[in-house]
Amino acid sequence: MVEPVRGFYRRRVERYTHEIEQRATGKPVTPPQVSVTSIELEALDAEHQLLIKLRDDGLISDDVLRELQRDIDLATIRLSGKST
């Protein structure tokens, strides 16, 4: 449960570090291109990682994991077909 959150903040730190470096060198700073779809896809990825942890910790079975992964995969396919 901690890893998805840690990954989210690690990416934010990397983005802001890159922005600071651009400002320091006088390069124009390009605003991040964030869309609702990309946020939804990140949320699905975090959910997937959490489900694997729950299975690894013995809190859900392999069958439950596979069923929920299928739902996540279908949502990911649906979102990937959207324009961002």
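A salt bridge is a side-chain nitrogen of Lys or Arg within 4 Å of a carboxyl oxygen of Asp or Glu. In the structure above, Asp57 forms such a bridge with Lys53, and the closest N and O atoms are 2.6 Å apart. The structure is a predicted model, in which local features need pLDDT of at least 70 and side-chain atom pairs count only at pLDDT 80 or more, while totals for chains, interfaces and linings use all residues. Residues are numbered from 1 along each chain as its sequence is written, and side-chain values use heavy atoms, with hydrogens and water left out.

The overall plan of the chain comes next. Helices (H or I, at least four residues) and strands (E, at least two) are DSSP runs, numbered from the N terminus. Of the 84 residues of the chain, 17% count as buried. Here, buried means under 20% relative accessible area, exposed means over 50%, and partly exposed lies in between (1.4 Å probe, protein chains only). The accessible surface of the chain comes to about 6600 Å², and 58% of this belongs to carbon and sulfur atoms. Accessible areas come from the Shrake-Rupley method with a 1.4 Å probe, and for residues only the protein chains shown count as cover. Among contacts in the chain with a separation of 6 or more, 55% are between residues 24 or more positions apart; a contact means heavy atoms within 4.5 Å.

In α3, Leu65, Gln69, Ile72, Ala75 and Leu79 are buried. Seen down the axis of α3, these buried residues fall within an arc of 125°, so they line one face of the helix. The arc is that of the directions from the helix axis to the C-beta atoms. The buried residues of α3 pack against α2 (36–56). On the face turned away from the buried side, α3 carries the exposed residues Asp63, Glu67, Arg70, Ile77 and Arg78. The length of α3 (residues 62–80) may also be checked: its 19 residues, at 1.5 Å a residue, should span 27 Å, and its end C-alpha atoms are 26 Å apart, which agrees. The expected span is 1.5 Å times one less than the number of residues.

Charged residues deserve a separate view. Side chains of opposite charge can pair when their charged atoms come close. A search of the whole structure finds 6 salt bridges. One of them joins Glu42 to Arg11, with the closest N and O atoms 3.0 Å apart. This pair links distant parts of the chain, since Glu42 is in helix α2 and Arg11 in helix α1, 31 residues apart. Glu42 counts as partly exposed, at 36% relative accessibility, and Arg11 is partly exposed at 42%. In the pair described at the outset, Asp57 is partly exposed at 46% and Lys53 is partly exposed at 38%. Asp56 forms a salt bridge with Arg55, the closest N and O atoms being 2.9 Å apart. Salt bridges that share partners join Arg55, Asp56 and Asp62 into one network.

Finally, Val5, Phe8 and Tyr9 form a nonpolar patch on the surface, with about 280 Å² of accessible area together. Patches are made of residues with over 30% relative accessible area and no salt bridge; like charges are joined within 9 Å, and nonpolar side chains (Val, Leu, Ile, Met, Phe, Trp, Tyr) within 5 Å. Tyr9 is found in helix α1 (residues 2–24) and is partly exposed, with a relative accessible area of 46%.
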